[in-house]
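Hi everyone, thanks for making time for this. Let me bring up the structure, and then we can walk through it together.

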Number of protein chains: 4
Amino acid sequence: MNTKITLAFILLFGLKSFAQDLNNVQFPHMQKTSVRKEIRMPNILGYQTLKCDFHMHTIFSDGVVWPTVRVDEAWEEGLDAIAITDHIENQPSKKYVTGDHNASYEMAIDRANEKNILLIRAGEVTRKMPPGHLNALFLDDVNPIDTKEPIDALLAAKKQGAFILWNHPGWKAQQPDTCLWMPMHQELFEKGLINGIEVFNEQEFYPIVLDWCLNKKLAVISNSDIHDVTSHFFDIENGHHRPVTLVFAKDRSLKSIQEAMFENRTLAWFDNKLAGKKEFLEAIFKASVTAKPTGKTDGKNREIYEITNISAIPFIVENMKGQVTTVPAESTITMTLDLMDYQELTIRNCYTGSNSILHVNMP
Amino acid sequence: MNTKITLAFILLFGLKSFAQDLNNVQFPHMQKTSVRKEIRMPNILGYQTLKCDFHMHTIFSDGVVWPTVRVDEAWEEGLDAIAITDHIENQPSKKYVTGDHNASYEMAIDRANEKNILLIRAGEVTRKMPPGHLNALFLDDVNPIDTKEPIDALLAAKKQGAFILWNHPGWKAQQPDTCLWMPMHQELFEKGLINGIEVFNEQEFYPIVLDWCLNKKLAVISNSDIHDVTSHFFDIENGHHRPVTLVFAKDRSLKSIQEAMFENRTLAWFDNKLAGKKEFLEAIFKASVTAKPTGKTDGKNREIYEITNISAIPFIVENMKGQVTTVPAESTITMTLDLMDYQELTIRNCYTGSNSILHVNMP
Amino acid sequence: MNTKITLAFILLFGLKSFAQDLNNVQFPHMQKTSVRKEIRMPNILGYQTLKCDFHMHTIFSDGVVWPTVRVDEAWEEGLDAIAITDHIENQPSKKYVTGDHNASYEMAIDRANEKNILLIRAGEVTRKMPPGHLNALFLDDVNPIDTKEPIDALLAAKKQGAFILWNHPGWKAQQPDTCLWMPMHQELFEKGLINGIEVFNEQEFYPIVLDWCLNKKLAVISNSDIHDVTSHFFDIENGHHRPVTLVFAKDRSLKSIQEAMFENRTLAWFDNKLAGKKEFLEAIFKASVTAKPTGKTDGKNREIYEITNISAIPFIVENMKGQVTTVPAESTITMTLDLMDYQELTIRNCYTGSNSILHVNMP
Amino acid sequence: MNTKITLAFILLFGLKSFAQDLNNVQFPHMQKTSVRKEIRMPNILGYQTLKCDFHMHTIFSDGVVWPTVRVDEAWEEGLDAIAITDHIENQPSKKYVTGDHNASYEMAIDRANEKNILLIRAGEVTRKMPPGHLNALFLDDVNPIDTKEPIDALLAAKKQGAFILWNHPGWKAQQPDTCLWMPMHQELFEKGLINGIEVFNEQEFYPIVLDWCLNKKLAVISNSDIHDVTSHFFDIENGHHRPVTLVFAKDRSLKSIQEAMFENRTLAWFDNKLAGKKEFLEAIFKASVTAKPTGKTDGKNREIYEITNISAIPFIVENMKGQVTTVPAESTITMTLDLMDYQELTIRNCYTGSNSILHVNMP
């Protein structure tokens, strides 16, 4: 192979060595490179914005993948932390899959370390309503929460300092017509055995739960509860995302996530919408969307602006005249606008309660 | 909700009933619909062209998914038949995953029936070279091929009428420098214990094996050998496909597939290339690509044609003047051409041997 | 370059000759191949289903592209016929762009012939309301319709046998609050000077116009009215399509399209919805969607079916129990169903009037 | 419409007001939002990295779009500056398109201001070889370069302070077999009438020109020379990009771009490759790609790193052992590596000459 050809080769294909025999030719371009797609989200109020999913299953309960797959998915989808929460009581594959309640964590932790994903040891207490399903997060040992009475499971978790999360309270299989806060939930809440609730689970939103969380000072949570391969269930290649909890933590560590959750520093993110405390919503919006005058005006002497959104969330913005603009995620658009009309904004896809959306004043 | 609004609703969103309370709002649009993407491939020579993958793993050996996932993937990717071929001898998850060698088939067969995927009961004899790895396909019971000596495993398979497939003969872990047909392979071949060979495995091509198959009248096979989720390993959403064996069968049944394979009625399809017997390659090309005169001519009085390719394979066509055109998959292009230059064609991405590509005469 | 390397080259890259000097290296892979994406739509009731767009602009009025671009777009987007309808009265580029009213047709006809696109000679009479904007289609000469009075323009068109189309009757610039059939429209209608109306234009739907067309026996039309590059305005790469009129014609010719339009054999297709006569909607649905039993049943003994939709339109199907299923375009899904629930269907995205949707009885 | 429904509406669709009549229903989701996709590229050596295309056509010569389209495309594709360079001598549409040589600039400048795109007034001197085609950039008036003799055109441009660019010197229509620096080019060069050369044009690379530029201290340029709609010619929706010149300028202004070009502070970017001066290539690479230890090790005690590439260019990196890794654009990958093997890197897709690629030492 003469120099010219070799060079042309390099120029065209970026390949120097080339299979020169007929025994084995590699087609590396057939293999998809595993890449992490960062979720661009601004840090706010002095905290780091971490992207977390606290609810998912593997073949160690009724999921269809080996625990390492959950780590790989989380890494590719830009998450910082996950909890694998296999059911304690529901293990349909028991005939073939053995191991105690720590097995899924143990199978995944090395991969999590390799990929720099924070892995939370956890389990899902799976009972009929009430109390329904609850995740015990940040455990040292999952086995003690396998008890006869549900309350004993939660007490055993509490003893380990667990954050306890009530899952999908409005799930129709357990609350077909309503989404009720039952006496048993009041009891658990008073004993500190409910610390957060899913306002969003898989593809369901429980608007009333958003009010519960804000009133009772519980963390607002959004989780995938994924059993399938995530990209089989959610349409990730077309820009959709799994439900995610944004946690505002002092740093990127399990300890800081746990602390932030106990202090309700979270937002629920699902289907390009955000729900939670006004203060966090406003901070995220203002840190994401900015307007820069181009110094140019249109024919009617109105100023032209470049509106930039650095976050992964498109914002649907309504001005004081009721005009609505979507500022797409990670993009810039140009708009001709009169600043007077944009001093108060309504952000249509940010929910501050079951019946209210975010209003912000702009400087 | 008055009629006008309901109607506008229907018009805009195609939804009649709508969640009218705050307990549970469904976001069904977040869930990806599972659809089958048919692999468009013409039937030829009186046979049905079936798309098959005879080599894949689950958590019952060293794969990462539950057996039903293999069926779901096959259905979505347009396959007709698959064999789950968990290793007999290599089961790294044994500590947690139990069950005999039929377990993966048994876990998947109901889903296969639901999805109308033909599921072949099979196992992979996994030995050091020689003989290397061999799949026993079309078994009634996988357990008898778990023997001490590899030849006994193959004899046990043969007793059940199995088709035996030599996997990845040029795999560098077993044949680092070459791809040799060893004396033991000659012995197995003479005893009827090798009936086909992978010329393509995962992302590797063994050109020399194409010659072996054609000379020794063995079936040419292309398999994924997938351990991961297929869409995590292959870039399916961007138009890539897993390696597939095209089987030319009398009908869509396990029996006819088995018969076709013993009669070498197969082609290997990988990375938008085809390899195998000239007669099948030519038939596929001619049934796929047609030229239709538009009745119009260009400025130089040359006829304008619409060239249509109905198959999922783009064909790279060289004419008698050395001009090369790619006719994209499932598309039509227009070309100004002189039929005299297109009486003999060379099809660049159809291999008839390790050192030869397809030439066809056009009528 | 020795044989082995050449071969490996062919194998890997499908390239035989290779740039061997440093003067000029081609990167043909950078260029997008222009391919036609056929719109798969069944033929019905003995007619061919042709896909047409009767309203679009070029730089010869207020569009931004040269006329040949309209042909290229039409070919790539799978259309059979188009009309370039530059404004007679609105020519903002007149300072720089000259030529008479036939210029855009004349600039495009050679390309249309090359690409096998049927090109309709046409112009848009562009007046204030009433009568608003009307396209004169199937002209021999566009110049005579440049008259002082609008009615004279339409009479001049009629003299040439033109099909006259009322464009965007509910366009807010001309009918800000309502969409009225005015006395002048009644007059034109009675004189045979309105033969069809746009129920859909660009991104606007006029439901009331659907009733007008059905009651007055006028052709139901859906057009793009595109001024921009189509793929800049419509999100074609993500599966959206421009508004299209389906014409049910005896063959693929201008004459048969014209005849079909005068006989109201059309449907409006926009945003994955269809609107028009029940008989055509029902025929399209039934020719598109079929159910095939797999011969398998689920755990509850209900039959499993493969539901196939061969058309480019997803259908949103509601059964007698109110259960809704979307059958995606050009796909197959599997469903467990009880035929008794599917004897009468409501097709949510097929509109038979401003206030009614398609109901079909299944055999 | 009661409150609950309104709210559910807002929750689901982010829409408050809703078309309540049948006259006109808007389908705004059918329209593609025009968004700018920023080209992420680090600033280096104290300069701003501006993305520029200095060669393109409109209907005012032989292009197919109105000048404003060039601005819209540039904005969407993330460019900072463009020159519209309609041919002075080649105007096939002259019959219909009139106007002097400034017309395309004048038609585009308002849109450029609105979109914050820097628009360079320019024209293409279009002669047979020698001297071939040359762009005169940064003119005040294009008309004076319409002269009989090519040299007079260039002198007239020079008088206005123009930067003169030799286009596609290896274009086969003008230099079918070679790419020669002819005596006339030497003459022009000595008179200061060649200030830069295209090493890349449309889909052609002239490796030898890279040496000319580096030896003669001329700016290395990469341009699209687009005549068609850019997204029709280049496969932009699938991640390809038009050829672009990176200019390292003191600020984002026409003046600083002109200054930078006269000082040869440019790189050519095409097909995910970079060509030009080693110092700029090295700076771009080092500012783009960083490795961060995860603090974890693999089974063999080798450190695991996160490798992040913030730029829009994937880099193909070869280490001292000849191992090749592609670090994808705007992504993070994890790698187990031994720093000792990565002290000297070869960057396969960065060309420092017709026969050499970039080598960098890592700290």
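How far apart do the C-alpha centres of domain 1 of chain A and domain 2 of chain A lie? They lie 34 Å apart. Before I go on, please keep in mind that this is a predicted model.

So where are those domains? In the domain assignment of chain A, domain 1 is made of two stretches, 48-173 and 182-276, and domain 2 covers 290-361. The two are in contact, with 9 residues of domain 1 of chain A meeting 7 residues of domain 2 of chain A. On the domain 1 side, helix 6 (207-216) and strand 12 (273-276) of chain A each supply at least two residues. Helix 6 of chain A gives the largest share of that side, 5 residues. By class, the domain 1 side has 6 nonpolar, 1 polar and 2 charged residues.

Let's stay with chain A and look at a hairpin. Strand 13 (residues 289-297) and strand 14 (residues 303-309) of chain A run antiparallel and are joined by 6 bridges. Within this pairing, Pro293(A) stands opposite Tyr305(A) of strand 14. There are 5 residues between the two strands, and in the turn Asn301(A) has a positive phi of about 70 degrees.

Now let's bring in chain B. What rotation superposes chain B on chain A? A rotation of 180 degrees does it, with 0.0 Å of shift along the axis and an RMSD of 0.0 Å. The two copies are therefore related as by a two-fold rotation axis.

And how do they meet? The contact takes 41 residues from chain B and 41 residues from chain A. On the chain B side, at least two residues each come from strand 1 (25-26), helix 2 (67-76), strand 8 (204-205), helix 6 (207-216) and helix 7 (230-233). Helix 7 of chain B supplies the largest share of that side, 3 residues. Sorted by class, the chain B side holds 21 nonpolar, 14 polar and 6 charged residues. Of the interface residues of chain B, 100% are also interface residues in chain A, so the copies meet through the same surface.

Strands pair across this contact too. Strand 8 (residues 204-205) of chain A and strand 1 of chain B run antiparallel, with 2 bridges joining them.

Next, a stop in chain C, at Met129(C). This residue sits in the loop between strand 4 (118-126) and strand 5 (133-137) of chain C. Is Met129(C) buried or partly exposed? It has 15 C-beta neighbours inside 10 Å, so it counts as partly exposed. Leaving aside neighbours within four places in sequence, Met129(C) is in contact with Gln174(C) and Gln175(C). Leu180(C) is 51 residues from Met129(C) in sequence, and their C-alpha atoms are 10 Å apart in space.

Last stop, chain D. Which residues are buried in helix 8 (residues 254-262) of chain D? They are Ile257(D), Gln258(D), Ala260(D) and Met261(D). Looking down the axis of helix 8 of chain D, these buried residues fall within an arc of 165 degrees, so they line one face of the helix. Just after that helix, Asn264(D) takes a positive phi of about 60 degrees.

That's my tour, and I'm happy to turn the model around for anyone who wants another look.

Conventions
Residues numbered from 1 in each chain as written. Chains lettered and ligands numbered in written order. Predicted model: local features only at pLDDT ≥ 70, side-chain atom pairs only at ≥ 80, totals over all residues. Least-squares fit on C-alpha atoms with pLDDT ≥ 70 in both. Helix = DSSP H or I, 4+ residues; strand = E, 2+ residues; numbered from the N terminus. Nonpolar A, V, L, I, M, F, W, Y, C, P; charged D, E, K, R; others polar. Pairing = 2+ DSSP bridges. Domains from an automatic or database assignment. Buried ≥ 20, exposed ≤ 12 C-beta atoms within 10 Å, placed from the backbone. Arc of directions from axis to C-beta.
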